[in-house]
Amino acid sequence: MKKLKYENDRISPRDIFVAIPSIVTGVGVLSLPKVIASATESADGWIPLFIGGLIAIGLTWAVAKFASGFRHQSFLTYATKIVTKPVAMLLTSLFAVVFLMITSYQVRKISNIAQQYLFDQTPIEIIALSFLLVVIYAVSGSRVGLFRLNIMFLPIILLIAFFLIIFNLGWFEPGRLLPMFITPFTDYVKVLNQGVLAYMGFGILWFYLALVDQPDKAPKMAALGMCIPVGLYIIIFFVCIAVFGNAVTSNLPYPTVELAKVVEIPGGFFERFESIFFVIWIMAIFNTTAMALDVSVFALNSIFKNTMKLKLIFMLAPVAYIMAMLPQDVIAVDFLGGLIGNVLIILNLVVLILLPVVAKIRGVKQNE
């Protein structure tokens, strides 16, 4: 059997385990406590985060289970068998557009935050362009290389999150977590959407599972991978409430970054822990953005098979940059993020319901 080129080489289920938290953990965790606290009382926000996490874990497993049944087949290939080629191409194109929008959102969001906390004298356009160029460089190389970067960066990201939590224990006041279960049920329902949105990103499985060498193990590893951001988000939310209280958390633009600002390390070894935290957290945002752009390229490449990957990247990159610069202020950026999240949820649910149902009706069997 002819050896595959490195760029198109197979990945292991372990890579999927790491890729899920890498795509999910990005700019969202920096502002999520504010969004959740604004709609709930005391520390009740952990409930929609937990329920949303369970839903996300279930959806992640379901997507991986279905996609892994079509061993080493691209999304376009098995979708064509199920719902005809025109519909399959439409769905693939929609995924490409949505993930390109995610790329733009991540670029703009990280630019806003970086300008606020690190580069207050640098124009946001320059920050965005610099970050996007690094992402383009990463995506232009080996696809498998992105998974290697995930494996390298994720432990560092989780380690800095661990230090963030540990160094804030001195400011921890358990009384701010009480009383619990006082939020009206209707408010839980309203904010549950945000709880689910926090874990969006598992849509990459529709495309990356075609590369997995042992797809039978992928559903379990993908679901376990989703458990990491679920646990991390809930813990960070609890720490924000215990340190700042619900009222303050709901009025801070980026509560997680503010946690880093209040850190005081004994001995004065680091005077500005938030700078260290933010620089390392850029790794998480880089992973999210790079994979989002790569999935967009991957999807389009499956449609336009004769088009070189680099050409697609250089065509999509200016579009991503222009879209990133379109929002006029932070409110517009947040609105764009919510819109993209809702569209991604709907698209994943439609595909997850449509393909299995039509495959059952038409008698399309997996692994054929």
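**Overall shape**

Tutor: Let's begin with the chain's 368 residues: a compact globule of that length would have a radius of gyration near 21 Å, and the chain agrees, with 21 Å. That radius is taken over C-alpha atoms, and the globule rule is 2.2 Å times the number of residues to the power 0.38. This is a predicted model, where local features need pLDDT of at least 70 and side-chain atom pairs count only at pLDDT 80 or more, while totals for chains, interfaces and linings use all residues. Residues are numbered from 1 along each chain as its sequence is written, and side-chain values use heavy atoms, with hydrogens and water left out.

Student: How many helices and strands are there in the chain?

Tutor: The chain has 15 helices and zero strands. Those are DSSP runs numbered from the N terminus, with helices being H or I of at least four residues and strands being E of at least two.

Student: And what percentage of the residues count as buried?

Tutor: 54% of the 368 residues do. Buried means under 20% relative accessible area, exposed means over 50%, and partly exposed is in between (1.4 Å probe, protein chains only).

Student: What about Cys240, buried or exposed?

Tutor: Cys240 is buried, because its relative accessible area is 0%. Cys227 has 37%, so Cys227 is partly exposed.

Student: Where does Phe119 lie?

Tutor: Phe119 is in the loop between α5 (85-117) and α6 (124-140). Its relative accessibility is 41%, so Phe119 counts as partly exposed. Apart from neighbours within four places in sequence, Phe119 is in contact (heavy atoms within 4.5 Å) with Ala114 and Ile127.

Student: Okay, cavities! How many are there of 30 Å³ or more?

Tutor: One. On a 1 Å grid over the protein atoms alone, a cavity is a set of points where a 1.4 Å probe fits but cannot get out, and lining residues have an atom within 4 Å of a point. Points are joined across faces, edges and corners, and the volume is the space filled by probe spheres set on them.

Student: Which residues line the largest cavity?

Tutor: The lining is made of Leu146, Leu149, Asn150, Phe286, Asn287, Ala290 and Met291. The largest share, four residues, comes from α13.

How values were computed: 1 Å grid on protein atoms, 1.4 Å probe; cavity = no way out; pocket = protein on both sides within 12 Å on 5 of 7 lines; lining within 4 Å.
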